[in-house]
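User: I am new to this structure and would like to learn how its features are read. Could we begin with the strands and then turn to the charged side chains?

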Amino acid sequence: MRITTALLMASTAIISMPAFAQDVAPVDAAAAESGAEIIVFGRGETRQVQEITNKDIITLTPGTNALKAIEKLPSVNFQSSDPFGNYEWSQRVTIRSFNQNQLGFTFDGIPLGDMSYGNHNGLHITRAISSENIGSVRVSQGAGSLGTQSTGNLGGTIETFSADPADYLSGGAYGAQGNLTYGSDETWRAFGRIALGTKDGIRGFLSYGYGATDKWRGQGTQDQHMGNAKVVIPVGEAKIDGWLSYSDRREQDYQDMSMGMIRRLGWKWDNTYPDYARAIDYADRLNDVDNISNSGGSPFPDGLYDYSGAPFGSQVYPGNVTSADDAYYDAAGLRKDWLGSIGLTTPLGENANFKIKGYYHNNSGMGLWATPYTPSPNGVPMSIRTTEYDMDRIGAFGSVDYTIGIQTLSAGAWYENNKFHQARRFYAFASRTDPGVSFRDYPKNPFFTQWEFDFTTDTFQYHVQDKIDLGTVTINLGWKGFSVTNKADAIVASTFPEGKIKAQDWFQPHAGFAVELNPEMEVFGGFTQVTRAFASATTTGPFQTNQAGFDQIKDDLKPESSDTYELGLRYNSPVFNGVLGAYFVNFRNRLNAVQVGSPIQGLASALQNVGKVRTIGVEAAGTVNLGSGVSLFGSYSYTDATYRDDVINSSDGTLVAALKGKTVVDSPKHMARAELNYDQGPVFARIGANYMSKRFYSYTNDVSVPGRVIVDASIGYRLTDKIEVQLNASNLFDKKYVSTIGSGGFGNSGDAQTLLIGAPQQFFATLKAGF
């Protein structure tokens, strides 16, 4: 490991090496364009926007979530407790203090919902496309473009685009790519892709990827099968494109932590799996009424349970367990997805263009937890609690652009029908000595269904825009509107509600300008107003309360909305490309759902409008090309996001939480990133540092996680124009830190079991071959 560390740290020294005489092309043809930019700073756009290209994504460890590539952009806060950014329970992205549920995500225009763990209206990007097949990722830190298929993009949009199959055709009618990766914690990943066709004719690709890794703390495996297929068919001046993907992901979870648990139990503490006997002992203590009575209300006498059993990883834990929530037996997330689409792009005469795309998405999955709060009927003091998901989404979106002189008029619409089925069930363990089940498989034969619902969501959105080109001045004017109806029907009744609720806002204006001051410099600015629709699930949105609470809010609950003002300056030259911007956001009708009990208990939450948030920020980013294959990238953002109102109980007017003037949770004030790149001849290398200041994980700001600096590095060598090797290191200096906060939601005050620990130093080696 010391040898690998030295090799990766030496990447900084390679900058001074003389360039090789030959110019060896990258293995991946999509990155072969000479001088292609890694980051595009949105020249000509009337809003803050940057784009990460495929050339940047392929230097990450293969299989890494493309969202991890955008964490270098200003105001983007991406967190995950695994080195690839794929583990969905831990994956979070926030922009300008807006959390993931308040952002918009699309793939080739197809709406992905909010990409949350228990997503009720979409799927995660890592289940839609393999990272090797991504062409680019575009980030709009504001609300994004009017035509984005999203009703939740209060604070930004992230749009991912698949590559054109032509990018993978190496000069003829055939192209193939194969990658094999091995690394820390028995990480294996294999990827293969075949492309056929001609660059200007019918073309397509088919790919398959499989990756598996052991958990870096505790025991368990996280793996995924992924298949992608794309076809492009020119028909005269028109073009038809089709997409099909399949994903089967199975992830055994890490234990959620609190700062108190980290201090008591250490940085590598996790669930008890595969130590079933210890899990039974914990559950017995929780359910032992006599023991609870004799110990003053604690199932662990004197608040301490010493355990000195088998080691976890390389460390033996003495215990210091004070709660059954300190360690469960096991937990997992299982997901299967099919996603397909077909689209048409065609000119309408000389001045107009028409686009339309239809899509279908099917999902089935489960989130599993071994809960000591519900015993199995056969005497085992715990059971398997599931949240089960089934989704069928079908939709279509399209637009027409028409150019008249200096004006380009556009109008478009999107419709989606989403049928979402959700249930909470409990399954028995086989006996006190044998679990009889695997958390990597879907359990069968539940002994109890606590609740079961069918949700139907109908979404209609439209937009109108006028782009006026005055030469050195560009003006964008327009608006969008939507109507979203959510309906819940109980199959198995419970305390959760039935009923219907609608969010509707037919006029959300957008206006912006860009002025070219000279060939290198432009100023831009704009205003955007956006409203967010309600969610349809018992685990989020207005349906997570009880029937009485829903009946009280369904006619008066206001959807969240935001007004964003932006002003910025861009500079573009062969040596330097960059942007400097400032923004102001007024966020209204904030919805707050207070988690009751620990997440595993699944209790109803209280939801209400709780006032405003004001955010003021500054963003800067730039790339300096130093010549000889050397470039330097840096970004910085300052975010001041504060709650403007205290939380008042709407029923009796009492103070719930004094939040006025407090900083928004998971909103670091300072983020800075620096990256040094080298790519010339057969050698390429990169080293990057990511700084983030402290983050609060309670609304009253009485608990926080400290700031940290994480360093990643990569180095590679192209043996030929078809074969290369690549080494990647994540968390190069083995920093101990908290990655994800809010995994179990946020409370008003006090430490909570809602943190996930970041992965330690890890290394990966990849062999890439093209044919």
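User: In what order do the strands of the open sheet lie?

Analyst: Please keep in mind that this is a predicted model. The open sheet has 6 strands, in the order S1-S2-S7-S8-S5-S6, and its pairing is mixed. At its edges lie S1 and strand S6 (110-111), each of which pairs on one side only.

User: Which strands run antiparallel to S2, and how many bridges join them?

Analyst: Strand S1 (residues 39-40) runs antiparallel to S2, and 2 bridges join the two. Within this pairing, Ile 39 has Ile 52 of S2 as its bridge partner. Strand S7 (residues 134-140) also pairs with S2 in the antiparallel sense, over 5 bridges. There, the bridge partner of Val 49 is Ser 140 in S7.

User: Which strand runs parallel to S5?

Analyst: Strand S5 (residues 104-107) runs parallel to strand S8 (residues 157-162), and 4 bridges join them. One example is Thr 106, whose bridge partner in S8 is Glu 159.

User: Is strand S2 largely enclosed or open?

Analyst: Burial is judged by relative accessible area, and a residue under 20% counts as buried. Strand S2 (residues 49-53) has 4 buried residues out of 5, so the rest of the structure largely encloses it.

User: How should I read a salt bridge, and how many does the structure hold?

Analyst: Side chains of opposite charge can pair when their charged atoms come close. The structure holds 38 salt bridges. In one of them, the side chains of Arg 96 and Glu 619 meet at 2.8 Å, N to O. This pair links distant parts of the chain, 523 residues apart: Arg 96 is in the loop between strand S4 (92-95) and S5, while Glu 619 is in strand S26 (residues 613-627). Arg 96 and Glu 619 are both buried.

User: Which residue forms a salt bridge with Asp 337, and where do the two lie?

Analyst: The partner is Arg 127, with the closest N and O atoms 2.5 Å apart.

User: What of Lys 768 and Glu 724?

Analyst: Lys 768 and Glu 724 form a salt bridge whose closest N and O atoms are 3.8 Å apart. Both residues are buried.

User: Which residues do salt bridges with shared partners join into one network?

Analyst: The network consists of Glu 88, Arg 127, Arg 249, Glu 251 and Asp 337.

Notes. Residues are numbered from 1 along each chain as its sequence is written. This is a predicted model: local features need pLDDT of at least 70, side-chain atom pairs count only at pLDDT 80 or more; totals for chains, interfaces and linings use all residues. Side-chain values use heavy atoms; hydrogens and water are left out. Buried means under 20% relative accessible area, exposed over 50%, partly exposed in between (1.4 Å probe, protein chains only). Two strands pair if DSSP finds at least two bridges between them. A salt bridge is a side-chain nitrogen of Lys or Arg within 4 Å of a carboxyl oxygen of Asp or Glu.
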